[in-house]
Amino acid sequence: MKKSRLYPIIILAAIYLVGIPILFRHNNYVLHVFILCSQLSIVALTVRLVYTTGELTFGQVAFVMFGAYGSGILAMKAGFSFWLALPGAGILTGLFASLIGFPVLRLKGTYFAMLSLVLAEVMRHAVRSWDFVGGVRGLYDIPRPDAIQIGTLALIPRFTPRDRLPYYYLIAFLLVITMVVFWRLDRSPLGRIFRGIRQSDALAASLGVNVMKYKIIAYGIGAFFAGLVGSFSAHYMTVFYPESFSVWDSIYYVLYAFIGGISYLWGPIVGCFGLLWLWEFLHPVAQFQMVIFAGVVIVVILFLPNGALSVERFLPSWWTGLSRILRKRSKKLAAQVGAMPDSSDRKAEGKSDGSA
Amino acid sequence: MALLEVYGLIKHFGGLIAVSDLDFVVEKRTILGIIGPNGAGKTTLYNLITGVFRPTGGKVIFNGEDITGLSTHRIASKGLVRTFQTTNLFHEMTVLQNVLLAHHLFRKSGDIAQFFAMPGFQGEDRRVKKRAMEILDNLGLGAHKDKLAKNLPHGNQKVLGMALAMAVSPKLMLLDEPMTGMDETETTAMMNLIKRVRDEMRMTIVVVEHDMKVIMGLSEHIIVLNFGKKIAEGPPREVTRNRAVIEAYLGTEEGE
């Protein structure tokens, strides 16, 4: 697996946080699709995180649901501000996942995948018959995120149903944070442990790695971010019910991750943005929408079984040359800033050469 | 002084008795050989000692401490590490990354410090890298450090398996058929390597092997297993003359 770098994240985050709002700030439809993309990308990224430890989860929707209900309860029943309910829901979801992780993660492979799917369905049915959270009708009139002001200076503007831009910024910002966290996880010793567990958990254990602990860490961090998305979506849509969180959602999260390329850090995002926008562009050909969509998915799976990003293997040489130049630039930059360790061996050697 | 003591070890799989009432002791800084025909319970014995399986009965004492039934990673952290019979590596990682991962117990910084690359972590990371390269150079794998583990030749893969175990700097290494699938020169090199590890790193080593010649040349003390039972024990010369051994070992080998 290739190590991914920080500079593409910074460049694309800048485009995403600045460029797109400038172009589309009055177009609520485009903003709404991008908001969906950001939400689903985050969850697809958590699918990938769990997958780095070797397990394929079909139950991430359960954590999105947990976050949505957690945030709804915190905001409506306990009177929390959205800005507390959001991290609160994330933390609750992460803790919940860590707890159920102990029994659930004992299973591996197909058995884990099946159990995760069943668990999500069981939880959905459980909230259906729980009147405290609205039963089948779910929760509605969930408060929108409140404005935060110091004197007359608005730190956070009012969130209104008509203007989607604040929502866009909020979820785009969460996506960037998720991406940076997962990027760092990937290249820290933790990420190496995750990958080691996937490649051989018996060997990892024999070298002193507490396999269960690290699987739970991955599962819990994934659930934390899925819970954040659940909370965001609750306060964005202001209404949800148990049927909003069906098994289909879980399947799509997995699809996004695999179509983009699950071994790539960028895979889930590419898959998610690509497929969602494809779906939108196919609106004019309404009756063929699903056929073409499915056709594209099948073609990608047939010709790029490792995901859309595996085209990098077929890219012409001018492209690799260009990216090498960019990489050198960024390395120089990183050396000046005071680079992260573990990023490359060569850099450390280069430094010691310079001082000698 | 005894480093590993095994008392009355029993393992049943349903009706099958894999290991029955096994006693033995491994002295510090010696090489103990365990031989026996296929299915004699050698690998099961390793799995029992390293906590992969929970024994049905009996005790395993390591360094004066009862480790019976502890989990594998706890046992590893006490300084008892095994290698695997089927080549077991992190196949999709480079050779260097394999050894870096094996330094998990060597790292003192916590997970959070590692995630945020806190100041203490950076120096530690350099130390880990240096030590990993030392181990690889020492075993002659330094030139292969950037190759994927799966692309190494078989002999080198076995050596890398040893390197992973050494990275933990254990007190006791359990080697499970370290010479399978090797030709004669590779086997000799591996034997010398095992002896060198014992002498240079002051380690105690237990070797399970199929090959009589190898085990004779390597070990100071030998245990012969058959059907989960110890049928003979002693220095190599004595064991080869033992009647029960000849019958059990050579007998089944002819039958195969």
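Mentor: Residues are numbered from 1 along each chain as its sequence is written, and chains are lettered from A and ligands numbered from 1 in the order in which they are written. Because this is a predicted model, local features need pLDDT of at least 70 and side-chain atom pairs count only at pLDDT 80 or more, while totals for chains, interfaces and linings use all residues.

Trainee: What makes chain B as compact as a globular protein of its length?

Mentor: Chain B has 10 helices and 10 strands, where helices (H or I, at least four residues) and strands (E, at least two) are DSSP runs numbered from the N terminus. Its radius of gyration is 19 Å, close to the 18 Å that the globule rule gives for 256 residues, so chain B is as compact as a globular protein of that length; the radius is taken over C-alpha atoms, and the rule is 2.2 Å times the number of residues to the power 0.38.

Trainee: Which strands pair with strand 8 of chain B, and in what sense?

Mentor: Two strands pair if DSSP finds at least two bridges between them. Strand 3 (residues 31-35) pairs with strand 8 over 4 bridges in the parallel sense, with B:Gly33 opposite B:Val207. Strand 7 (residues 172-176) is also parallel to strand 8, over 5 bridges, and there B:Leu174 has B:Val206 as its bridge partner.

Trainee: Why is the unit of strand 7, helix 7 and strand 8 of chain B called right-handed?

Mentor: A crossover is right-handed if, with the strands pointing away from the viewer, the path from the first strand over the helix to the second runs clockwise. Strand 7, helix 7 (residues 184-200) and strand 8 make a β-α-β unit of that hand.

Trainee: How do you know that the span of helix 6 of chain B agrees with its number of residues?

Mentor: The expected span is 1.5 Å times one less than the number of residues. For the 14 residues of helix 6 (residues 154-167) that should be 20 Å, and the end C-alpha atoms are 20 Å apart, so the two agree.
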